[in-house]
Amino acid sequence: MRKSEAEELINQAYAAWDAEEWQRAADLYEQVLAHFPDEKSSAAWWYDAALGHKFLRNWDKAYELGVQAAARSPRGEGDPAYWNLGIVATMRRDWATARDAWTGFGIELPDGEGEINGRFGHACVRLDTDGRREVVWIERLCPTRGRVMNVPVTGGRRYGEIVLHDGQPNGERVVDGSAYPVFDELLLFEPSGLPTFQVTVAAGEPADLEALTILFADHDFGAEPASSVVTHCACCSEGTIHKERATTHTGAQRVSLAAPEGEVRRLLDRWAGEKAIGRSWSGLEAVG
C-alpha cells in the first residue's frame, strides 16, 4: 500500500467516525495499520480503532487493538489509550494488564496484585437495563468499577451489585457544593445476592426514618425511602443537577430494602421496638 492510498483510507476513516459508523471506521484504520503500524500518527489510529470496537462492545478486538495503542503512547501523561485499555482489561478480568494501564495513565493504585478493590471516592452511574435508565450512587473500587449504594427501582437491579462504567462523564450531580460525575454503565460486572423488598413503615418523626436507613447501612444493607426517588428527563439527567440532602418525612410511607428476608424482618422489628410509640411496619413484599 502506497502512502497516498493510506492517506485516502484515513480520510475515509475520519468521515466514518464523524458519522458514528464505528465498524467501518475501525476496519479502515486496521487496513492502514496492517501496512503502517508505527508511523508518527499510528498511535492515534490504533486508539481510534480500539475505541470504535469498544463502542461496538466488541471487547476482544478492543483489547487487542488497545494493547497496541498503549504500547505506542507515553506513560504517566494521562494518555487516553491507557484509560481505554484499563476498561477493556478490567472487563476481561485481566488484572495485570488493567493495573499496568491505570499506572500508565498516571493513577496511583493500592499495592498488591490481582483484582483492584480500592477507595476511589463516590460517583454516580446511569444504569441501563434494556433501555430503562436510572442514576444511582456508587462507591468506586477502581477507575472503572463501582458498587451500587442505592436500592434501585429498576426491576432486576440490586443494591450492592458491581457495575463497569465508561470513563467519560455524561452528567453531574452537585451536593453541598461538591460535584460528582455521572458515568454511563457499560455492563453489570458482578451481580448482588441481596434481594429487594418493599415495606410500609410508619414514622412518628423524621429522625425515625433516618434511623432505619442508618440501621440497615450499619449492617451493609440498603434502605431507600420512596420519597428519595426523583424522575428527570434525559436532557436534564445528562446535565448538571443540584441535589439537596435527602429529607425524611413522617407518617406511613413505602421503603425499599435490600437484605436477606430474615435480616429484613429482624432489623425492622429492632427498629420498631426501639421506641414505644411512633414506629411500625407492615406489608412486606419481595420485589426483586
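View 1. At 76% relative accessibility, Asp130 is classed as exposed. The model shown here and in the other views is predicted. Asp130 sits in the loop between strand 1 (122–129) and strand 2. Its phi is near 55°, a positive value in a residue other than glycine. Most residues other than glycine have a negative phi.

View 2. Phi of Arg93 is near 60°. That value is positive, and Arg93 is not a glycine. Arg93 has a relative accessible area of 41%. It therefore counts as partly exposed, because that class lies between the buried limit of 20% and the exposed limit of 50%.

**View 3. Arg140, a buried arginine without a salt bridge.** Arg140 belongs to strand 2, which spans residues 132–142. Arg140 is buried, yet no salt bridge is found for it. The nearest side chain of opposite charge is that of Asp166, 10 Å away. A salt bridge would need a carboxyl oxygen within 4 Å. A backbone oxygen does lie by the arginine side chain: that of Pro143 is 2.9 Å from one of its polar atoms.

**View 4. The surroundings of Arg140.** Leaving aside residues up to four places away in sequence, Arg140 touches a run of residues from Gly118 through Arg119, Phe120, Gly121 and His122 to Ala123. Arg145 and Gly146 are also in contact with Arg140. His165 and Phe183 complete the list.

**View 5. Helix 3 against helix 5.** Helix 3 covers residues 42–55, and helix 5 covers residues 80–91. The two pack at an angle of about 35°. Their axes are 10 Å apart. The crossing is left-handed. From helix 3, the contact involves Tyr47, Ala50, Leu51 and Lys54. Helix 5 meets them with Pro80, Ala81, Asn84, Ile87 and Val88.

**View 6. The buried residues of helix 6 and their cover.** Helix 6 runs over residues 95–105. Two tryptophans, Trp95 and Trp102, are among its buried residues. Thr97, Ala98, Arg99, Ala101 and Gly104 are buried as well. The cover over these residues includes helix 4 (59–71) and helix 5. It also includes strand 3 (145–148) and strand 6 (178–190). Just after helix 6 comes Gly106, with a positive phi of about 120°.

How values were computed. Residues are numbered from 1 along each chain as its sequence is written. This is a predicted model: local features need pLDDT of at least 70, side-chain atom pairs count only at pLDDT 80 or more; totals for chains, interfaces and linings use all residues. Side-chain values use heavy atoms; hydrogens and water are left out. Helices (H or I, at least four residues) and strands (E, at least two) are DSSP runs, numbered from the N terminus. Buried means under 20% relative accessible area, exposed over 50%, partly exposed in between (1.4 Å probe, protein chains only). Lys and Arg count as positive and Asp and Glu as negative; His and the chain ends are not counted. A polar contact is a pair of N or O atoms within 3.5 Å; within protein, one must be able to donate a hydrogen and the other to accept it, and residues adjacent in sequence count only if both atoms are side-chain atoms. Contact means heavy atoms within 4.5 Å. Axes are lines fitted to C-alpha atoms, for helices over the stretch in contact, and angles run from 0 to 180 degrees between N-to-C directions. A crossing is left-handed if the near helix is turned anticlockwise from the far one by less than a right angle, and right-handed if clockwise.
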